[in-house]
Amino acid sequence: MNALTTDRIRSHATRLGLTHLTETITALVERAETAQLGYLEFVDLLLEEEVGLRESRRFRNALKLSGLPHHKTLDEFDFAFQPDLDGRKVRDLATLEFIRAKSNVALLGPPGVGKTMLAVALAVAACQAGFSIYFTTLDDLVRRLRTAEATGRFNRQLQAFLRPAVLVVDEVGYLPLDRAEANMFFQLITRRYERGTMIVTSNKSFTEWGGVLGDDVLATAILDRLLHHCDVIAINGPSYRLKDRLTLVTGTEPMP
């Protein structure tokens, strides 16, 4: 391919926003010649390279805006440390059918057992598949809603929490809510019901949510909607956070 043709392709690619093609056209042509690709195969190669780059950028940018505390994947979760956890069920969730069905996931268990990591891993998988995601703790969620209410922006802030296809609400039960905050959480649950997926983590059993929300009736109404279409996963094993500390103190791995 002569220099004039190459320059013209780069110029057209720039005008079309195909930035990757402007940088790689020579290398792609060499690959095509080496593999003796046909015309359609070469076009397919060009488009595949450009789409792959754009998808990679979308994924990185979406993760930056997601609020996730880290970006660990399901492959990094130590299922052997939690032998009572149904790993097959978790991997089934990673197929993301629950998101397509606008169903929910609830992860229950004491602190440190990996609830948040599993929630994040499922959110990362969803983001990679093209779903919009957002992560927040319940405390931060209601704080932002209360602040928005005080400045007349409650509906706008609530809509921001309704927009993502997957909303992760972490640490339900770590701090109690007052009646106004619990009502805000109820409004969010009601508006997302059968319209979007939620992944919720909690250190409290559902029977204890009345105490967390300060109202048994309101807790029942929230759970009725949250659990109507929901996979519940209970994790009752040892704490990951104490694993290394126990090893340091005893000189042996903690018993699972």
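This is a predicted model: local features need pLDDT of at least 70, side-chain atom pairs count only at pLDDT 80 or more; totals for chains, interfaces and linings use all residues.
**Exercise 1.** Determine how helix H1 and helix H2 are oriented to each other, and which residues make the contact.

*Solution.* 
Step 1. Helix H1 covers residues 3-15 and helix H2 covers residues 19-35. The two pack at an angle of about 155°, and their axes lie 8 Å apart.
Step 2. Angles over 145 degrees count as roughly antiparallel, so H1 is roughly antiparallel to H2.
Step 3. The crossing of H1 past H2 is right-handed.
Step 4. On the H1 side, the contact is formed by Thr6, Ile9, Arg10, Ala13 and Thr14; H2 contributes Leu21, Thr22, Ile25 and Thr26.
Step 5. Sorted by class, this contact comprises four nonpolar, four polar and one charged residues.

**Exercise 2.** Describe the second largest pocket by its volume and its lining.

*Solution.* 
Step 1. The volume of this second largest pocket is about 180 Å³.
Step 2. Twelve residues line the pocket; Ala32, Leu37, Gly38, Tyr39 and Phe42 are those nearest its centre.
Step 3. H2 and helix H3 (39-65) each provide at least two lining residues.
Step 4. The lining consists of ten nonpolar, one polar and one charged residues.

**Exercise 3.** State how many cavities of 30 Å³ or more the whole structure holds, and identify the lining of the largest cavity.

*Solution.* 
Step 1. The search finds one cavity of 30 Å³ or more.
Step 2. The largest cavity contains about 40 Å³ of space.
Step 3. Its lining is made up of Asn104, Ile189, Arg192, Tyr193, Gly196, Met198, Arg225 and Leu226.
Step 4. Helix H9 (179-192) and helix H11 (216-226) each supply at least two of the lining residues.
Step 5. By class, four lining residues are nonpolar, two polar and two charged.

Key. Residues are numbered from 1 along each chain as its sequence is written. Side-chain values use heavy atoms; hydrogens and water are left out. Axes are lines fitted to C-alpha atoms, for helices over the stretch in contact, and angles run from 0 to 180 degrees between N-to-C directions. Helices (H or I, at least four residues) and strands (E, at least two) are DSSP runs, numbered from the N terminus. Angles under 35 degrees count as roughly parallel, over 145 as roughly antiparallel, 65 to 115 as roughly perpendicular and the rest as oblique. A crossing is left-handed if the near helix is turned anticlockwise from the far one by less than a right angle, and right-handed if clockwise. Contact means heavy atoms within 4.5 Å. Ala, Val, Leu, Ile, Met, Phe, Trp, Tyr, Cys and Pro count as nonpolar, Asp, Glu, Lys and Arg as charged, and the others, Gly among them, as polar. On a 1 Å grid over the protein atoms alone, a cavity is a set of points where a 1.4 Å probe fits but cannot get out, and a pocket is an open set with protein on both sides within 12 Å along at least five of seven lines; lining residues have an atom within 4 Å of a point. Grid points are joined across faces, edges and corners, and a volume is the space filled by probe spheres set on the points.
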